[in-house]
Amino acid sequence: MEKQLEQVIVKLNQIQAENTHLRRDVDVIRRERVTMSKVRQFMTHDLGRARDKVEEAGRKLRARSAATRNIQDKIVSLKEKNESEQSVYLKEYEGIQRELR
């Protein structure tokens, strides 16, 4: 009977030791979970700020592209106007030269 009691006590001690190790492991995992949660929260916040910056850059790019297109359209329009005025001027100049001869 004493031998059985000793065996049960040894088994109990082994189980308690294993339980202690498992509790430590659980505590480590809980701390890691808290750390990972904080990292996730920081990354989510940082990603949100980065997304906002990208969206703002996209808005600026679209506005600048529109402004560039408007300027290019004005350049084309002014070139056409210049060519037209130059053609009229040359015709008038040639007409005056013919009258002077």
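A salt bridge is a side-chain nitrogen of Lys or Arg within 4 Å of a carboxyl oxygen of Asp or Glu. R49 and D46 form such a pair, with their closest N and O atoms 2.6 Å apart. The model is predicted. It holds 3 salt bridges in total. Helix α1, which covers residues 2-100, contains D27 and R30.

**Salt bridge R49 to D46**
- The closest N and O atoms of R49 and D46 are 2.6 Å apart, and the cut-off is 4 Å, so the pair counts as a salt bridge.
- R49 and D46 are 3 residues apart in helix α1, so about one helical turn separates them.
- R49 is partly exposed, at 42% relative accessible area.
- D46 is also partly exposed, at 32%.

**Salt bridge R59 to E56**
- The side chains of R59 and E56 meet in a salt bridge, at 2.8 Å from N to O.
- Both residues belong to helix α1, and their spacing of 3 residues is about one helical turn.
- R59 has a relative accessible area of 44%, which makes R59 partly exposed.
- E56 is partly exposed too, with a relative accessibility of 32%.

**Salt bridge D27 to R30**
- D27 and R30 join their side chains in a salt bridge, with 3.8 Å from N to O.
- The two residues sit 3 positions apart in helix α1, about one turn of the helix.
- D27 has a relative accessible area of 35% and is partly exposed.

**Nonpolar surface patch**
- Which residues form a nonpolar patch on the surface? They are V39, F42 and M43.
- Together, these three residues have about 310 Å² of accessible area.
- M43 belongs to helix α1.
- M43 has a relative accessible area of 53%; exposed means over 50%, so M43 counts as exposed.

**Glycine G48**
- G48 also lies in helix α1.
- Is G48 buried or exposed? G48 is buried, with a relative accessible area of 14%.
- G48 and R62 are 14 residues apart along the chain.
- The C-alpha atoms of G48 and R62 are separated by 21 Å.

Note on methods
Residues are numbered from 1 along each chain as its sequence is written. This is a predicted model: local features need pLDDT of at least 70, side-chain atom pairs count only at pLDDT 80 or more; totals for chains, interfaces and linings use all residues. Side-chain values use heavy atoms; hydrogens and water are left out. Helices (H or I, at least four residues) and strands (E, at least two) are DSSP runs, numbered from the N terminus. Buried means under 20% relative accessible area, exposed over 50%, partly exposed in between (1.4 Å probe, protein chains only). Patches are made of residues with over 30% relative accessible area and no salt bridge: like charges are joined within 9 Å, nonpolar side chains (Val, Leu, Ile, Met, Phe, Trp, Tyr) within 5 Å. Accessible areas come from the Shrake-Rupley method with a 1.4 Å probe; for residues, only the protein chains shown count as cover.
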